[in-house]
Amino acid sequence: MTESLLPLTFLLPLAGTLLLAFSAGRLGERSVVWVGTGSIALAALVTASLGAAFILGEQSPQTVNLYTWIAVGDFTPGVSLTLDALSLTMLSVITGVGFLIHWFAGWYMRGEEGMTRFYTYMNLFVFSMVLLVLADNLLLLFLGWEGVGLCSYLLIGYYYHNDSNGGAAMKAFIVTRIGDVFLAVGLFLLFAQFGTLNIAELLTRANEAWSVGEPLAQLTALLILGGALGKSAQLPLHTWLADAMAGPTPVSALIHAATMVTAGVYLIARLHGIFELAPAVLYLVGVIGALTLLMAGFAALAQTDIKRVLAYSTMSQIGYMFLALGVGAYSAGIFHLVTHAFFKALLFLAAGAVIVCCHHEQDIRRLGGLRRRLPLAYLSFVVGGAALAALPLVTAGFYSKDEILWQALAAEQQGLLVAGLLGSLLTGLYTLRLIVGIFHGKPNSEAAKKAKAGRGLQHTVPLVVLAVLSTLLGAWLRPDLSAIFPAAPGADAHSGHTAVQLIASATAIAGILVGAWLFLTQGPKLARLVAGGVGGFFWRWWHRAFGFDGLYDRVLVRPFLTVVCGLRRDWLDAFCGLAGQLALALHAGLSRSQNGQLRHYAAATVVGATLILAVLVMLGYE
Amino acid sequence: MILAGLILIPFLGGLLCWQGERFGEAPRWIALATMVAVLITALALWAGADFQLADPGAAAWLWELRLPWIPRFGIEFHLALDGLSLVLIALTGFLGILAVLCSWKEVQEGIGFFHLNLLFVLGGVVGVFLAVDLFLFFVFWEMMLVPMYFLIALWGHSEPGGKTSTYAAVKFFIYTQAGGLLMLAAILALVFAHQANTGELTFSYEALLATTLSNELALVLMLGFFIAFAVKLPVVPLHGWLPDAHAQAPTAGSVDLAGILLKTGAYGLLRFALPLFPEASAQFAPVAMGLGVLGIFYGAVLACGQTNIKRLIAYTSISHMGFVLIGIYSGSTLALQGALVLMVAHGLSAAGLFVLGGQLYERLHTRDMSQMGGLWGRLGSLPGFSLGFVAAALGMPGTANFVGEFMVLLGTFPTAPWIVVLASGGLILSAIYALTLMQKVYFGPAQKSAPLPGLDPREYSMLLGTFALVLLFGLFPQPLLDTTSTVMSGVQGLFEAPVAEAPQGGGTSEMTIDRGGL
């Protein structure tokens, strides 16, 4: 009975979208918030009942087939949904965290222009995201995949009056689209090989047809990885995420931290059967994850905008998830996805609270000393930051991150393990820098001096709930995915687990302590250090996130614009127009001979007659 | 007789409009009623037809009308309808209604003659979709040209200091006429070749399908047809007329051009160029697909650089038609069906974008996107619809354009993977031009803050109806696919035979094609 409820999880947000879109501004602000949040709340309730039935039931995957989308020959993708432990986990995060963020957004967006538009897009996003994770075939997944991209574009460009926001939105869409094209070609390849896009059938047939290391399997995995890199903002398609912070903060929390950017992790986990057949690509997944987490960790150290710090930290944490996938610890990757959704959503919402209370001031250098004025935001930041930095034992982030590092060791990937440990040191540093910068010291601007704490359930409850989920309690919600994934490398081994835990705890604590010492006591010294010389060089280099933007600008964007400018006149058309030009030239030449002067005509007649005679003579009348 | 009716309704309606001008606004209502009648007739035919039973071997016309015309030259007034023509006629009916509605306020001078021309274009297009006598087909092919010329020349816009509407109309006329001339020559050569073989002088499509031709002659004649249709589609580098014609034409003209006239090119390829010369087409397929890829990129890159909104949409049409061309020459049922869906989808979405362009012009009196910007909050629900149509143009899943593009690429991949890889790259460019349009027109700083008039019920229902169809065929494309599946598998079968035989039959210079109807 419960499986018939499954379509409601995406139909409810869709209903919200349509209701809001067709209201055309006739609904008041309160009604808009009610409709927008209500639809997600109902979807979350449906998910809860589905989840309860699933866990208490026999836990076998359920498929609901709504209708056949397209049917041409073998190509018969349906609009059908599958609920298994993995999609249930994702669905719970999307609707649960999504509901809290929608609720909070009612407080954050109060009085903004275009609330209807905001909630329309947000509901449309949840709709697409739910389809993405429930789809039982890759075409429907692709629908959700592109749908979330569109919503992300629309919400990044929400404050559309500012040209740079539009640029950030376009950048996000186009960079992820580059990844999507890889994914699409991967789908073509899979369909050409196996004649189906149904995920379960694909994995079975691939397993039968391909041996481990088969070149086609490697190529397919590589193409799918391309799609995942774009969506999840991993090297080298990561440049859009930091700019995506131009959107309203709840959007950053929902789309650019908790759900959409983790879609790449979900995709690889879902199609792990293909990656298992391509060990080299799977290893590449881990390496890309490790590189991204280091790159983003350094970049996060040198940002001045609260949201950009959090954006790079998101990239970095998704790097951990990719690292987990790369060592074959899919379950650990998804576990980190869940805990990350809790604490990163918390951090973003708390950042939103700070930003609203300080009149949209989000530069760390102009904030400071807010811990007494904004106690709830401070508490949220401390709890969320502790989870982010994986403070041992009491935070959710510790358990998931520790699991990843342990699996990396068990898979004998010492390089990845070291990168992960170094990354957790960096995490502690930038987290402390952020918290100290916002809440300690003295207020550095009028806005920070006059900050007033937010009030009301809309503001408080989501923060408190997410804060609770970011602690040890959140780690208890670890999903059991053993039925879906192959056993992780560390499933049987135990030697070294304790050692890794100790080392990981030590690095995390070291990061936090060093960070606290540096930023609480050594502030002025640091400022002098980065003002010039070698320190300044690194500051600028990391601030620009290693200069990828400039590189792409020079290598891709400018040449493209040159081509566009060069071709603007449509030279092929001009070339075809030469025929017309030729006719005009002949016309001009011939019309000149028609000048009405008798002697010209007489001369022309004589010359013409002579020429004809001459030709005749030469041709054979000799 | 119902087929003759489909053609006669617009022509008679056109004459009535012309005479109705003395009664004020009457021509608009007559034209609207005429196009509604065409649409309803087409839908009634659709509802009454059974597309599954048609036997792929036999002549599979659903309806046929055969009257003697010029018996001396073997010319008949022969109309026939199958799933392919039906879909395109229904599209013509719908976009015809749209064209009448979008001119309601825009065209104020000579409304009688305007609607005469509009309906004659549509009547000619319906004739093109129905004629299965090659001479009759040519007559209709030329017949839709002249009134289109007048639509652009007389009701078009001339840019001050730039190109005039007459220039665009003449360019359009010369391009199409030159292509038509090649086609006429090819038709005559085919007919005489058939006469030389069988002693029978006939222009009948079914008879000519069985013509035996030498490889070289088939290739030349096929090129004659291909170029004529390539001009209409248009295929780069024969596209030069399109941006000018669109930029200068009135909105109704652009809607008809993008929505329907371009589809006659694709229809001609599917109905004539491929079935008449299957092995020559199969040989030519790699070139055609290469031209398709060139068109996708060339159109998209040029679209990125335009400042005139109508020129931008015109270049996106070129880009989208590249996908259609690839699908037509892929030799796979999936891709052929995709090409059909994409034709319908592009007809609707491009028409929607042109209607929006017209509505923007009515409010702002400019087509220059650099003079727009920040319009999102000033135009009521118009920007929302733009977003929908732009999403369709960039192939967002859920819209019919996605279904079409995806099926074309998916179906072509097994035969020509590199073509597909390259064409998929075009999807990135489509995102760039589509979002550029949104950014330049609706986002960015507002140049003024005063609200502009929103959509009135006429405009709202036009956009809503068109967009609803885009979504409908994106989420439930099956009715469309079922209607044309027989026709498309027929085309695919014709294509497959020579491809399969090619390795063995390389030495033989002559091959008989004897495939009755489609």
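This is a predicted model: local features need pLDDT of at least 70, side-chain atom pairs count only at pLDDT 80 or more; totals for chains, interfaces and linings use all residues.
In chain A, the secondary structure comes to 28 helices and 2 strands, and the C-alpha trace spans about 115 × 65 × 55 Å along its principal axes. Of the 622 residues in chain A, 56% are buried. Where contacts in chain A have a separation of 6 or more, residues 24 or more positions apart account for 82% of them. The two strands of chain A, strand 1 (residues 62-68) and strand 2, run antiparallel and are joined by 6 bridges, and within this pairing A:Gln62 has A:Leu83 of strand 2 as its bridge partner. Strand 2 (residues 78-83) of chain A is largely enclosed by the rest of the structure, because 5 of its 6 residues are buried.

Chain B contains 19 helices and 4 strands. Its radius of gyration is 22 Å, close to the 24 Å that the globule rule gives for 518 residues, and chain B is therefore as compact as a globular protein of that length. The C-alpha trace of chain B spans about 75 × 55 × 45 Å along its principal axes, and 62% of the 518 residues of this chain count as buried. Among the contacts in chain B between residues at least 6 apart in sequence, 81% join residues that are at least 24 apart.

The contact between the two chains takes 39 residues from chain A and 42 residues from chain B. On the side of chain B that touches chain A, the elements giving two or more residues are helix 12 (278-304), helix 14 (333-364), helix 15 (382-393), helix 16 (400-412), helix 17 (417-441) and helix 19 (478-501) of chain B. Helix 17 of chain B gives the most to this side, with 10 residues. When the residues on the side of chain B that touches chain A are sorted by class, 28 are nonpolar and 14 are polar, while no charged residues are present.

The largest nonpolar core holds 431 residues, of which A:Ala345, A:Leu346, A:Leu349, A:Val354, B:Leu98 and B:Val344 touch the most other members. Helix 15 (residues 330-357) of chain A supplies the largest share of this core, 21 residues. When neighbours within four places in sequence are left aside, A:Leu346 is in contact with A:Ser380, A:Val383, A:Gly384, A:Leu463, A:Leu466, A:Ala467 and A:Ser470.

Two loop residues of chain B were examined individually. B:Gly444, in the loop between helix 17 and helix 18 (457-475) of chain B, is buried because 23 other C-beta atoms lie within 10 Å, the cut-off for burial being 20 or more. Not counting residues up to four places away in sequence, B:Gly444 touches A:Asp163 and A:Gly166 in chain A, together with B:Gly373, B:Gly374 and B:Gln439 in chain B. B:Gly444 and B:Val170, which are 274 residues apart in sequence, are 38 Å apart in space, C-alpha to C-alpha.

B:Glu200 is placed in the loop between helix 7 (165-198) and helix 8 (205-208) of chain B, and this residue counts as exposed because it has 11 C-beta neighbours inside 10 Å, where 12 or fewer is the limit for exposure. Apart from neighbours within four places in sequence, the contacts of B:Glu200 are with B:Gly74, B:Gln195 and B:Ala207. B:Gly74 is 126 residues away from B:Glu200 in sequence, with a C-alpha to C-alpha distance of 8.1 Å in space.

Terms used: Residues are numbered from 1 along each chain as its sequence is written. Chains are lettered from A and ligands numbered from 1 in the order in which they are written. Two residues are in contact if their C-beta atoms, placed from the backbone, lie within 7 Å. Ala, Val, Leu, Ile, Met, Phe, Trp, Tyr, Cys and Pro count as nonpolar, Asp, Glu, Lys and Arg as charged, and the others, Gly among them, as polar. A nonpolar core is a set of buried Ala, Val, Leu, Ile, Met, Phe, Trp, Tyr and Cys residues joined through C-beta atoms within 7 Å. Two strands pair if DSSP finds at least two bridges between them. The radius of gyration is taken over C-alpha atoms; the globule rule is 2.2 Å times the number of residues to the power 0.38.
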